[in-house]
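Open the structure in your viewer and keep the selection tool ready. We will go stop by stop.

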Amino acid sequence: MDNSDTRKTPLKKTENNGAFTLKKVPHVVILPDGTKPLPLGSGTITSILGIGGMSNVYEIWNSHLEVKRAVKLLHPNYSLDSKQRFETEIKITAKLNHPNIVEIHAVGEWNALPYIEMEKVDGCTVDKLITDRGGLPVEVCTSIGILIGRALSYAHNHEYTLYGQTYHGIIHRDLKPNNIMVSNSGVVKLMDFGVARPIDASIHTTDNSSVLGTMQYLSPELLEGKSADIRTDIYSLSAVLYESITGTKAFPESNISTLMMHKIKNEYRPLDSFAVRIPARLKRLIQKCMNRDREKRPSSAEEMVAELTKIHKSVTSLSPESVMSSFMNTESNAKTVVSLKRQYPIKQAVSFLAAVAFLSCTILFIRQVKSHAHKKTPEPVVVINEPNISQVKQEKAQKPEAVKPQKAKLSSVTATLLKAPQEKIDDKKPPAGDLFLSDLKQQYGTDDLAEIFIREVKAGHLQQAQKVFMLLSLGQKSQKSVILFQLRMLESIQNYSAVSLVLSTQSVEDGEFFLIKARQSFRENNSIKCLSYLDMASKTRCDFLNNATLRQEMLYYKALCYGKEFDSHPSQATMKNALDSWFEVKLLFRTTPEHNYFQKAVLEMQRIGEKGKEIKG
């Protein structure tokens, strides 16, 4: 036996009626730390994935199958009850075979410690998703709810034999965000049946209490010492949905006594108090599933999934699997923090409005007083009805000649642009071009015309930028930066024929250059070239365009191409590509729904979904 893994059983002194005797202490085994390739299960350890209170989880490499797997190994300081619970988890999980439940491959022992070898899911937990991204989009939350709800429905209705007896149904009892895995490809898996038990069986815990699981997600009846049933899992799944959509736990209290009090009373912040758009039907479902009285919750996971499916279809035409696949393949640069709605008490609101009204009246009165004090002559009154024509003529004859308003002094740039063509330039004055450049050089603090041109394009002064560009030398016009900003300028003024000419005569190794070529190809109705150039843009460095903007443009034009492909060749495959692409755009701009690309995505998904119904029909 490897000395790095086990040690000799030590002796411990125990008191027996005043006398001390020596007693052996069992299970003294040093667990692997994950740094050495020790044999475990069907392979060798490559790393440690997690350390829990009852077990460690390791990643192993199976060289025969060339796959990675996860091995859950019981701690050496186990008690009899914890070992029984672990063995029950092994037996229960091994009997489950569902696409949304982690698969068990083998069981065994390592240095007399039991282990479970299961599939290794490359991804992250829902808990990690919420930590990194904050509140998740509604369609992602409904997708997670549907997929985990299906797993629960399967488990709740599964018939199997355990310890020689036949049972119907398994209750998970520890459903929480940390026990739900989402793979990098979007597959959602329920795991960790460590405290699961048959619906009609009683399995006691280490401290002979029936309360197990994580406090924040436990149903009130478990805290009251009542037995668990399938509605216990329904409550926990709803608490997960609550947290997924708000980014906040329904019971966030860290003080155990406060947490217990709120849990037993089932007092949590209403969903209406969050400043986030949640379908009313989804709010009602979560509130129903989290009802303190389990008799008022849905009677089965199937009932909950059926309602979630209707809600899901009202917000997206994509399947839950497609939603999760797109979401996991979309990078997020910012965390969505869901804030609380501002609530103004009635008394404070009335006082505030009264103060505003008083202040407005005071300001108006002061302005009237000042206006009256500075007024030298009364304002003339214009009589519209029945004017006295002779009086008007007399007043006109006596009226002194009006003083012409003095022209506003124009800047040298504006004067040059507005100067009439026939006006002669004074030979003593510098040419208009010199005045124009002199003004810009002074403004930007540089004599470099290429730099001035670029900064004028950035500032959106496109007419002035064109004038500067005409004054550049051939060498300056061939600079990489000047070519790219020239293309930006031409696209901004929608001179697409000039864009095409520049693209055909110049070549720049820059992601922005390929992006512009993609946009021009789309304008020329060549979607295949557009997609090809988008691919090149994604693989080429951008020196003057930030990656976030590049990604936004790439996803948008990719969606446009697939949408056009669907319109030209409508089929299930082209419809799926188009909907998935527009969903990516919608997901990217979900925090700025006023953005044109977000609104375009919503309209296109609706249009394609409606047209898709005709295909199915």
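In which helix is Thr 232 found? Select residues 230–246, which form helix H5, and Thr 232 is there. Keep in mind throughout that this is a predicted model.

**Stop one: Thr 232**

Is Thr 232 buried or exposed? Thr 232 has a relative accessible area of 1%. Buried means under 20%, so Thr 232 is buried. Now show what surrounds this residue. Leaving aside residues up to four places away in sequence, Thr 232 touches Ser 219, Glu 221, Leu 222, Arg 294 and Arg 297.

**Stop three: H5 against H8**

Next, select helix H8, residues 301–315, together with H5. The axes of the two helices are 10 Å apart and meet at an angle of about 30 degrees. Angles under 35 degrees count as roughly parallel, so H5 is roughly parallel to H8. The crossing of H5 past H8 is right-handed.

Which residues meet here? From H5, show Ile 234, Leu 237, Ser 238 and Leu 241. From H8, show Ala 301, Met 304 and Leu 308. By class, this contact has six nonpolar residues, one polar and no charged ones.

**Stop four: Asp 272 and Lys 283**

Go to Asp 272 and Lys 283. Their salt bridge has its closest N and O atoms 2.7 Å apart. Asp 272 is in the loop between helix H6 (256–265) and H7, and Lys 283 is in helix H7, eleven residues apart. Asp 272 is partly exposed, at 43% relative accessibility. Lys 283 is buried, with a relative accessible area of 14%.

**Stop five: Arg 541 and Asp 543**

Now jump to Arg 541 and Asp 543. Their side chains meet in a salt bridge of 3.1 Å, N to O. Arg 541 is exposed, with a relative accessible area of 67%. Asp 543 is partly exposed, at 38%.

**Last stop: a network**

Finish by selecting Glu 221, Asp 229, Arg 231, Arg 294, Glu 295 and Arg 297 together. Salt bridges that share partners join these residues into one network. How many salt bridges does the whole structure hold? A search finds 34.

Methods:
Residues numbered from 1 in each chain as written. Predicted model: local features only at pLDDT ≥ 70, side-chain atom pairs only at ≥ 80, totals over all residues. Heavy atoms only, no water. Helix = DSSP H or I, 4+ residues; strand = E, 2+ residues; numbered from the N terminus. Buried < 20%, exposed > 50% of the residue type's maximum accessible area, 1.4 Å probe, protein only. Contact = heavy atoms within 4.5 Å. Axes fitted to C-alpha atoms, helices over the stretch in contact; angles between N-to-C directions. Parallel < 35°, antiparallel > 145°, perpendicular 65-115°, else oblique. Left-handed = near helix turned anticlockwise from the far one by under 90°. Nonpolar A, V, L, I, M, F, W, Y, C, P; charged D, E, K, R; others polar. Salt bridge = Lys/Arg side-chain N within 4 Å of Asp/Glu carboxyl O.
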